Amino acid sequence: MSQSRSQDADFKIIRKSNIEIIQRNVNDSIARYTKEITALKKNSSSSSQQVEILQDSVKALSQSLAEEQKKTDSISFLGNNFSKSAYHTMVWSIIIVLAILSFALLTVYRKAKVDAVEHQKTVDELQNEFQSL
């Protein structure tokens, strides 16, 4: 626009060499931008493929993590898998039941021993009475 000259108020005259220069510049820019667009499309497609590969590996790792957590959160006891909390509850309930049984057996034993001692005393007294008669 600065190198053109006015022929009329509404029209400007531009040299043909200037128009050719502008056309070459525009064509070069279009070619360069087309190459950039194709390169970006290739990069985006390779990036999307990488994203898909990474998502697949994340899924596989999540599944293996879930399996490992399942293994670490369970305990095998008598051929059965129990969760750790159920296992601890079962073990403590067995310990408590055994402790109660032990206490009950100790109490019964002491009572039987006391009864045996009393009966022995009674038997001794009766034998002494029979011997004295």
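**Close-up views of a predicted model**

View 1. Ser 74 stands opposite Ser 83, the latter belonging to strand β4. The model shown here and in the other views is predicted. Strand β3 covers residues 74-77 and strand β4 covers residues 80-83; the two run antiparallel and are joined by 4 bridges.

**View 2. The turn between β3 and β4 contains Leu 78.** Strands β3 and β4 form a hairpin, with 2 residues lying between them. Within this turn, Leu 78 adopts a positive phi of about 55°.

View 3. The secondary structure consists of 2 helices and 4 strands, and their order along the sequence is β-β-α-β-β-α. The protein is more spread out than a compact globule, because its radius of gyration is 50 Å, well over the 14 Å that the globule rule gives for 133 residues. The C-alpha trace spans about 165 × 35 × 15 Å along its principal axes. Of the 133 residues, 2% count as buried.

**View 4. Asn 18 is a buried residue of helix α1.** Helix α1 comprises residues 16-72, and Asn 18 lies in it. Asn 18 counts as buried because its relative accessibility is 17%, and the cut-off for burial is under 20%. Between Asn 18 and Lys 42 there are 36 Å in space, C-alpha to C-alpha, for a separation of 24 residues in sequence.

**View 5. Gln 23 is a partly exposed residue of helix α1.** Gln 23 also lies in helix α1. Its relative accessible area is 47%, so Gln 23 is classed as partly exposed, a class that lies between the 20% and 50% limits. The C-alpha atoms of Gln 23 and Ser 48 are separated by 37 Å, and these two residues are 25 residues apart along the chain.

**View 6. Arg 32 lies over the ring of Tyr 33.** Arg 32 is placed over the face of Tyr 33, at 4.8 Å from the ring centre.

View 7. The mean pLDDT of the protein is 88, and 91% of its residues reach 70 or more. Confidence is highest in helix α2, residues 84-132, where the mean is 94. Strand β1, residues 5-6, has the lowest confidence, at a mean of 62.

Note on methods:
Residues numbered from 1 in each chain as written. Predicted model: local features only at pLDDT ≥ 70, side-chain atom pairs only at ≥ 80, totals over all residues. Heavy atoms only, no water. pLDDT = per-residue confidence, 0-100. Lys NZ or Arg CZ within 6 Å of the ring centre and 35° of its normal. Rg over C-alpha atoms; globule rule 2.2 N^0.38 Å. Buried < 20%, exposed > 50% of the residue type's maximum accessible area, 1.4 Å probe, protein only. Pairing = 2+ DSSP bridges.
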